[in-house]
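Hi everyone, thanks for coming. Have a look at the structure with me for a couple of minutes.

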Amino acid sequence: MTGRTGLLAGTRTLLYKEVLRFWKVGFQTVAAPVLTAVLYLLIFGHALEDHVKVYGTVGYTSFLIPGLVMMSVLQNAFANSSSSLIQSKISGNLVFLLLSPLSHWAWFLAYVGASVVRGTVVGAGVLLVTMWFAPLSLAQPAWVVFFVLAGAAMVGALGLLAGLWAEKFDQIAAFQNFIIMPMTFLSGVFYSVGTLPRFWHGVSHLNPFFYVIDGFRHGFFGVSDVSPWTSLAVVSGSLLAVWALCLHLLRIGYKIRH
Amino acid sequence: MTAISFQNVSKTYRSSGREVRALGGVSFDIEAGEFFGLLGPNGAGKTTLISILAGLSSASGGRVSVHGHDVVADYAAARRSLGIVPQELVFDPFFSVRESLVIQSGYFGIRKNDQWIDELLHHLGLADKAHANMRQLSGGMKRRVLVAQALVHRPPVIVLDEPTAGVDVELRQTLWHFVARLNKEGHTVLLTTHYLEEAEALCGRIAMLKQGRVVALDRTSALLAGTASTMMRFKLDTPLPPSLAAQARVTGRIVQVTAHDPAEVEHVLATLRAAGCRPEDLEIGRADLEDVFLEIMRGDARAEEGAAP
């Protein structure tokens, strides 16, 4: 067995294990977030459908659907890597991975890969259930695919960072509730940032999640608050920065090897 | 051929603002095919040394290699040669026994490993638990799975870090039978244990650690022969005479006193008689590894006291 073959097989095994882990509790990890997104759609859609039009012609419920899909993708991609790592750290079974010959690249690819899989599965579930509630076009599908994968991969790596840093569940919950959740909610899931006052409009443009959601919406409607190319550049830059930090911390064994 | 080599391994870390030395220049080699025991009291540095060997911790200085592979620079090859049974009873609650073993094989790049997994399950008495979830297993069964997980990649070197702590007699027998067989087949075994009778029965060579330093390193037979060869054991209801108390080990009513020759046995008995003590159930036998261990630990402490300014 060559080293490369071993690395690939090892990475594939860890990816398989991480996917199997969330799939075994699919009711909690897939069905529940889909239901939550549908409830958001029903409540906000019902309250605002007749009062709000976005980009001139897009109905509010139609506008809301891609936002909810991407919100679900991001939150679940984060939850997957962060919860898996912190559970393994606290229960001590991370030792099985630490004793293996897997490199930091293998850890990274598998954990982030599983986050992308869960984010995409939940996002697809939300889309499949919500698309019947309002007319939805798919103007430029390549943007949809790119921003789903890039958004999930960026937040999956953020989850990995949180999992490495945290020493207890409380800290993961704080990371999720005080950083990921506000960044998601304030990124234009429920509104177009173009309608915000000047100050908050500017603040929104500092949030990388805004570009993920805006670029993703562009794929559906062909219009967005900023150019999808700008979103692509910001998201790619953020992605690479998070990945680089994540790989560095994994390589030095930050808080996992002493 | 050297299976494991520790060369001047040191480990210091900061705790509550002060520098703690866990290991201070530990050096010894374990040859391929040996059954080697690593003994020492709690806090001696045994688990720290195993952690550095396993890559769970990094050494502050020195070098550790497994079959010639440096555990830092060439960690993948070193870990492929090592099967480590961790001290803590850990498991992944999401998976069954077989799934855990298939996944662990995969981490080592081994995909079709069913035949060896079946063999491991059979030899460790886990065959009927293969599809049980890890959460459903008793502590002893979980320990067996840990052993199986350490062996899925057929490592030439097996490290058991206190594997029988708190497990029942049946598992201890099963485990030692299996590990002894692996050793006979050529695997190198490094064992840390608190059960000194286990080390005496199984290990051909032993290193004793105290406060991060090797205080004894020899063949088990040489260690047993080289120290007090006689041990007096008796029960006593009255306090020991002060002149004997310093050299005795007292557990409740049971007193154990080392004696190097028949004259010393006579002297102990005379001292007891003179003090009005009436020893019951007196036995005189060979010192075992526990006696050797305690004598070395005590001797080392006395040497330290003597060296203190």
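I'll start with chain A and then turn to a helix in chain B.

Quick housekeeping: this is a predicted model, so local features need pLDDT of at least 70, side-chain atom pairs count only at pLDDT 80 or more, and totals for chains, interfaces and linings use all residues. Residues are numbered from 1 along each chain as its sequence is written, while chains are lettered from A and ligands numbered from 1 in the order in which they are written.

Okay, chain A. It has 10 helices and two strands; those are DSSP runs, helices being H or I with at least four residues and strands E with at least two, numbered from the N terminus. The C-alpha trace spans about 60 × 35 × 35 Å along its principal axes.

How much of chain A is buried? Buried residues make up 50% of its 258 residues, where buried means 20 or more other C-beta atoms, placed from the backbone, within 10 Å of the residue's own.

Now helix H5 of chain B, residues 139-151. Its 13 residues reach 19 Å from first C-alpha to last, close to the 18 Å expected at 1.5 Å a residue; that expectation is 1.5 Å times one less than the number of residues. Because 10 of those 13 are buried, H5(B) is largely enclosed by the rest of the structure. Among the buried ones are B:Met141, B:Arg143 and B:Leu151. And what covers them? The cover for the buried residues includes helix H4 (95-98) of chain A, along with helix H6 (169-184) of chain B.

Notes:
Buried ≥ 20, exposed ≤ 12 C-beta atoms within 10 Å, placed from the backbone. Contact = placed C-beta atoms within 7 Å.
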